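Please work through the following exercises with the sequence and the model at hand. Each task is followed by a solution in steps.

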Amino acid sequence: MALSQEQIAARVESLRYRSADRDSRNLEVLAVRKGQISSVYPDFFPDGVDANVVANFVDIVARDLSEVMAPLPAVNCSAANQTSDRARAFADKRTRIASNYFAHSDLSVQMYSGADWYITYGFLPFIIELDEEAKLPRIRLENPLGAYPEFDRYGRCVAFAKRYMMTLGELVSMFPEFEYELLGREGYKQDLMQQLELIRYYDKDQSVVYLPTKSNLVLSRAKNPLGKMMVVVARKPSIDGELRGQFDDIIGIQLLRNRFALLAMEAAEKSVQAPIVLPQDVQELQLGGDAIIRTATPAGVRRVELNIPPGAFTEQELLNQELRVGARYPEGRTGNIDASIVTGQGVQALMGAFDTQVKSAQAIFASAMRDVISLCFEVDEMIYPDSKTIRGVDAGSPYEIEYNPKKDIKGDYSCDVRYGMLAGLNPAQGLIFMLQALGGGLISKDLAMREMPFLINVTQEMEKIEIENMRQSLLGSLQAYTQAIPQMAASGGNASEVVRQIASVIKARQKGRALEDAIEDIFAPQEQVPPAGAAPSMVEQPSPAPAEAPVGGALPEMEPQGQPSIMSLLSGLTGQGEPTASVRTIRRR
């Protein structure tokens, strides 16, 4: 049974109460990332300083990590029967349909913000919405700030609320049908810039938008068409179940870095502006670049020295190290590498923590996206069952297909979403690992292609590779045929026909014909047409070989077809006009 509005409001308030500490931490991290650390710790900053005075390490780490985690995984809908062409075609079509959900939602761009939110706040909500214009499901990533998910004992999201702050004028523009309820009797005379809290609530039964400050005024209510939760939440691992961001515990270290930088600046300023010590005989003091001080003891003229203990700089270095350890951000990412890189072990050790957290985050994203695609399949089949045409690019080749959800999805909502074996590795490491596994016979080419960290149609790509290999073999055979021309000419054969055929293939390629079509036409066997009026030739059986060769010539070697012709035997004349007979055997393949 769907909850009433009073029950929804009470449930949301309970979620907000339980998440009060998390909201406080999230606001502090947001202020630090925006460079407003003085608003979090106002007592630690002097008057006139209201921003970071050192590099915003938290923001730098979040942006760098999110850019590495953001690329989308590979989507593959595998067929149950890999030997059936029909099953593979059905799976390939579903793969393109699933990839189109990502492309239609522009998820590749959204994931840069989504990965940043996941690192900063500790979770990332995926919301599946209905796009009535395109007749497709749309995936939207929600900002976790002010979001309150509720999970069951299996970790599945069963309720989700999101709090927005909007001005009164914006609400009137978005919901003009509630103009009187929003403005009241005063109408437009009141302040339209006042901020009001808007709550959007989701569960398996309904989606509700209401205003708590207006007596829970319901602005929109829609029934859930599937009867399932349309929100999937990717969560960072936690020891106590609390949703924590990666920087919740290092804000204080960032503050101390700022404090040390301020003290260093203050020490430098005091060193420059320190009082000047003069001997007793100096009566006048001139200031400036060309000032003259008359004294009998010039060595006594100096500024008061400000001694800074060396331990202060050591402590600052320790703070930098603690900040990197707390953020799990290796020093190698900033290019500061002190370890030996001759064997790569130094870089490997420095990048270890970075690789593991990227791999773990991508594994969590893949699990969430698997559920998201399953919901998109179900929405497409149940809500938009009509045929539609989708366009996209698969493995570098544009395609356009028409599909019917009832026929081409057919109740199969499964999909394999994987970042592959290369998750957490940089491109160079991943390529070397994949090639070594292939060379060692540990994996097949099909598996290697499915594990690539980008979208690829494995079946179509394998067909292209096979065609390329066969074309390469055909071209190699043609080149070997060309290399036989000098040997043919040296042995007295007629190479003009071979030259003509090779030239015809080149001209056909210049005209844009496919290599296989050109070779098939040019090297097609030609039927021997006898001349007009010629009597049919009689095939004679070869006579037995004589015991001795005739005088004046060698014994001709018999060909399988019969005796050699006179033109084959008569190869020259002597000075007296006598013929010299010889036999030359030419084997043509």
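The exercises below concern strand pairing, a helix and salt bridges.

The model is predicted, so local features need pLDDT of at least 70 and side-chain atom pairs count only at pLDDT 80 or more, while totals for chains, interfaces and linings use all residues. Residues are numbered from 1 along each chain as its sequence is written, and side-chain values use heavy atoms, with hydrogens and water left out.

**Exercise 1. Determine in which sense β5 pairs with β4 and with β6.**

Step 1. Helices (H or I, at least four residues) and strands (E, at least two) are DSSP runs, numbered from the N terminus. Two strands pair if DSSP finds at least two bridges between them.

Step 2. Five bridges join β4 (residues 147–151) to β5 (residues 157–167), and the sense is antiparallel. In this pairing Ala 147 lies opposite Lys 162.

Step 3. The two strands form a hairpin with five residues between them, and Gly 155 in the turn has a positive phi of about 85 degrees.

Step 4. With β6 (residues 195–202), β5 pairs over eight bridges, again in the antiparallel sense. Here Arg 163 faces Ile 199 of β6.

**Exercise 2. Compare the span of α15 with its expected value, and list its buried residues.**

Step 1. The expected span of a helix is 1.5 Å times one less than its number of residues.

Step 2. Helix α15 (residues 458–483) has 26 residues, and 38 Å is expected. From first C-alpha to last, α15 reaches 37 Å, close to that expectation.

Step 3. Buried means under 20% relative accessible area, exposed over 50%, and partly exposed in between (1.4 Å probe, protein chains only). The buried residues of α15 are Val 458, Thr 459, Glu 461 and Leu 478.

**Exercise 3. State how many salt bridges there are, and locate the partners of the Glu 242–Arg 25 pair.**

Step 1. A salt bridge requires a side-chain nitrogen of Lys or Arg within 4 Å of a carboxyl oxygen of Asp or Glu. The count is 23 salt bridges.

Step 2. In one of them, Glu 242 meets Arg 25 at 3.4 Å, N to O. Glu 242 belongs to the loop between β9 (231–235) and α9 (251–272), whereas Arg 25 is in helix α2 (residues 20–33), 217 residues apart.

Step 3. Glu 242 counts as partly exposed because its relative accessibility is 22%; Arg 25, at 17%, counts as buried.
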